[in-house]
Amino acid sequence: LGPHMKWTRLRMANADDARRADQIVQTLRQALAKYKDYRVAMDDGYIPLHPERKPKHYHFANKQRRFLAKVRFEPAEPTALLYKKTRDGYELEGAMYTAPKGMSEDQLNERVPLSVAQWHAHVNLCLQPDGSRRRMPRKQLGLKGTIATESECQQAGGRFVPQAGGWMIHVYPFEVTPAKIWTH
């Protein structure tokens with residue numbers, strides 16, 4: 001997915017990991033049942049990020065759960081919920097877990113087996129020095145930007161970010177196969 005995505009390595013499949021991943025999915029399915037109504041999610045502290053944009057999945061993030069995810073992993077408490085925009089509001093599709101950017105692959109594997117799924121991070125980003133997008137052409141900036149090195153970013157007058165935020169993993173627990181459940 002380009003120079004701005006970093007992925008964990010996929011490990012050798014095994015039955016224990018498959019069982020553990022299935023348990024995470026079962027727990028998540030139960031926890032998400034009440035969030036099929038996006039208004040309930042908002043009442044529970046999930047706030048839509050960038051509702052003005054038109055992404056494939058709208059992330060409804062929960063600051064408290066993101067904070068807790070820095071120190072523990074709880075399958076029933078995802079950091080964000082993933083919704084698809086509909087005519088009448090939003091339809092729940094899945095969830096996202098997060099982990100601190102300093103975590104090793106072994107630590108991420110303890111949360112979600114790396115033989116089943118891959119965590120990702122947003123890396124090598126060039127942003128406006130002041131946070132705006134006024135001075136630099138938009139096509140050079142952010143996740144879809146053409147600038148991917150610190151030197152290019154400095155030459156363009158931007159602010160280079162080696163990794164924005166921590167690790168993330170998307171889960172689509174209402175899908176029927178592990179490959180679709182754990183895809184990005």
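**Salt bridges, cores and a disulfide in a predicted model**

A salt bridge joins the side chains of R11 and D106, with an N to O distance of 2.6 Å. R11 belongs to the loop between β1 and α1 and D106 to helix α4 (residues 105-111), so the pair ties together parts that are 95 residues apart in sequence. The structure is a predicted model, in which local features need pLDDT of at least 70 and side-chain atom pairs count only at pLDDT 80 or more, while totals for chains, interfaces and linings use all residues. Residues are numbered from 1 along each chain as its sequence is written, and side-chain values use heavy atoms, with hydrogens and water left out. Helices (H or I, at least four residues) and strands (E, at least two) are DSSP runs numbered from the N terminus.

A salt bridge is defined here as a side-chain nitrogen of Lys or Arg within 4 Å of a carboxyl oxygen of Asp or Glu. By this rule the count comes to 7 salt bridges. Side chains of opposite charge can pair when their charged atoms come close. Accessibility is described in three classes: buried means under 20% relative accessible area, exposed over 50%, and partly exposed in between (1.4 Å probe, protein chains only). R11 is partly exposed at 32% relative accessibility, and D106 is partly exposed at 49%.

R20 has a relative accessible area of 27% and is partly exposed, whereas D17 is buried at 13%.

A further salt bridge is formed by D44 and K34, whose closest N and O atoms are 3.3 Å apart. This pair links distant parts of the chain, with D44 in the loop between α2 and β2 (47-48) and K34 in the loop between α1 and α2, 10 residues apart. D44 is partly exposed, with a relative accessible area of 34%, and K34 is also partly exposed, at 48%.

The interior was described through nonpolar cores, each a set of buried Ala, Val, Leu, Ile, Met, Phe, Trp, Tyr and Cys residues joined through side-chain atoms within 4.5 Å. The largest nonpolar core has 31 residues, and those with the most contacts inside it are Y35, F60, L81, Y83, W119 and W182. Two or more residues are given to this core by each of α1 (15-32), α2 (38-43), β3 (58-61), β4 (80-86), β5 (89-99), β6 (120-127) and β7 (159-171). Apart from it lies another core, of 5 residues, among them A80, M96, M168 and Y172. In soluble globular proteins, nonpolar side chains tend to be buried together.

Strand β5 also holds T98. T98 is buried, with a relative accessible area of 6%. The side chains of T98 and T79 are joined by a polar contact of 2.9 Å. A polar contact is a pair of N or O atoms within 3.5 Å; within protein, one must be able to donate a hydrogen and the other to accept it, and residues adjacent in sequence count only if both atoms are side-chain atoms. Leaving aside neighbours within four places in sequence, T98 is in contact (heavy atoms within 4.5 Å) with R66, A69, T79, R111, W119, W167 and M168.

Strand β6 is mostly covered, as 6 of its 8 residues are buried. Two strands pair if DSSP finds at least two bridges between them. Strand β1 (residues 5-7) and β6 run antiparallel and are joined by 3 bridges; the bridge partner of K6 in β6 is A121. Strands β6 and β7 likewise run antiparallel, joined by 6 bridges, and L127 stands opposite R159 in β7.

Where disulfides are concerned (a pair of cysteine sulfur atoms within 2.5 Å), the count comes to 1. C126 and C153 form this disulfide, with their sulfur atoms 2.2 Å apart. C126 lies in strand β6 and C153 in helix α5, so the pair ties together parts that are 27 residues apart in sequence. The torsion about the S-S bond of C126 and C153 is about 80 degrees, so the disulfide is right-handed. C126 is buried at 0% relative accessibility, and C153 is buried with a relative accessible area of 0%. G157, in the loop between α5 (150-155) and β7, is partly exposed at 41%. G157 and C126 are 31 residues apart in sequence and 9.3 Å apart in space, C-alpha to C-alpha.
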